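Please look over the sequence and the structure before reading on.

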Amino acid sequence: MSTVKELKFPELPYAYDALEPHIDKQTMELHYSKHHKAYYDKLMNAVKDSDMENQSLEAMFANISKHPVAVRNNGGGHWNHSLFWKILSPNGGGQPSGRLAEEISKTFGSFDAFKEEFSQVAATRFGSGWAWLAVKDGKLIVCSTPNQDNPMMDVSECQGQPILGLDVWEHAYYLNYQNRRPAYIEAFWKLVNWKEVENNFDQIG
Ligand code: MN3
């Protein structure tokens with residue numbers, strides 16, 4: 001696992017306008033090149049010349065309560081967005097297949113029931129935060145976290161390894177959807193790169 005000082009600001013795997021009309025070009029450009037870049041830069045700045053730069057971000061998340069709040073906010077911001085770009089695709093949407101599809105049906109009853117629960121959790125997260133599909137002790141869970149927290153952090157109410165995340169900060173949707181967060185969530189389902197989510201699931205074993 002990379003140490004923090006080895007982390008690179010990731011490439012966006014598609015063009016800024018590739019997710020239109022669901023996520024508009026201007027939102028993508030600002031979100032990636034300004035918001036995510038700022039989290040990345042501030043993370044690097046927060047760990048610079050300390051022993052934190054030789055740890056992995058994941059290891060720090062496990063005891064983030066003992067690290068500076070700048071690492072919690074910006075480390076979370078960097079990790080969460082790095083996942084988010086990869087689980088979206090211009091060719092996304094539809095449903096998962098294979099082992100993940102079976103596990104979703106087993107846990108939530110059906111894909112539609114999962115989708116409804118995730119959408120509800122994302123819509124009702126008060127203020128800024130993220131909705132997650134995560135794995136805990138081999139089981140799937142849906143939950144949300146505030147700000148740039150995630151379920152790998154010891155401070156998080158829900159614990160697990162995220163395999164799918166949805167950014168519900170207003171900066172992720174306000175230009176196109178204004179206050180209509182549920183419309184943004186509905187559009188998100190048309191973009192989910194289920195192959196990538198399946199890979200994330202399979203890597204956990
Ligand atoms: Mn964001």
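Donors are taken here as N, O and S atoms within 2.8 Å of the metal (3.2 Å for Na, K and Ca), and since water is not among the atoms, sites may look incomplete. The model is a predicted one, in which local features need pLDDT of at least 70 and side-chain atom pairs count only at pLDDT 80 or more, while totals for chains, interfaces and linings use all residues. Residues are numbered from 1 along each chain as its sequence is written, and side-chain values use heavy atoms, with hydrogens and water left out.

**Metal site**

At 1.9 to 2.1 Å, the manganese ion is coordinated by NE2 of His-31, His-81 and His-171 together with OD of Asp-167. Along the chain these donors follow the spacing H-x49-H-x85-D-x3-H. Helices (H or I, at least four residues) and strands (E, at least two) are DSSP runs numbered from the N terminus; in these terms His-81 belongs to helix H3 (residues 69-86), whereas His-171, 90 residues apart from it, sits in the loop between strand E3 (161-167) and helix H6 (174-177). Both His-81 and His-171 are buried, where buried means under 20% relative accessible area, exposed over 50%, and partly exposed in between, with a 1.4 Å probe and protein chains only.

**Strand E3**

Of the 7 residues in E3, 6 are buried.

**Largest pocket**

A pocket is an open set of points on a 1 Å grid over the protein atoms alone, where a 1.4 Å probe fits, with protein on both sides within 12 Å along at least five of seven lines; lining residues have an atom within 4 Å of a point. The largest pocket holds about 560 Å³ of space, the volume being that filled by probe spheres set on grid points joined across faces, edges and corners. Its lining has 22 residues, with Glu-58, Trp-79, Ser-82, Leu-83 and Lys-86 nearest the centre. H3 supplies the largest share of this lining, 6 residues.

**Salt bridges**

A salt bridge requires a side-chain nitrogen of Lys or Arg within 4 Å of a carboxyl oxygen of Asp or Glu. The whole structure contains 6 salt bridges, among them the pairs tabulated here.

| Pair | Closest N to O distance |
|---|---|
| Asp-49 and Lys-48 | 3.8 Å |
| Glu-103 and Lys-106 | 3.6 Å |

Arg-72 in helix H3 and Asp-149 in the loop between strand E2 (139-146) and E3 link distant parts of the chain, being 77 residues apart. Arg-72 is partly exposed at 26% relative accessible area, while Asp-149 counts as buried at 3%. Glu-103 and Lys-106 are separated by about one helical turn, because they lie 3 residues apart in helix H4 (residues 98-108). Within that pair Glu-103 is buried, with a relative accessible area of 13%, whereas Lys-106 is exposed at 62%. Asp-49 and Lys-48 are both exposed.
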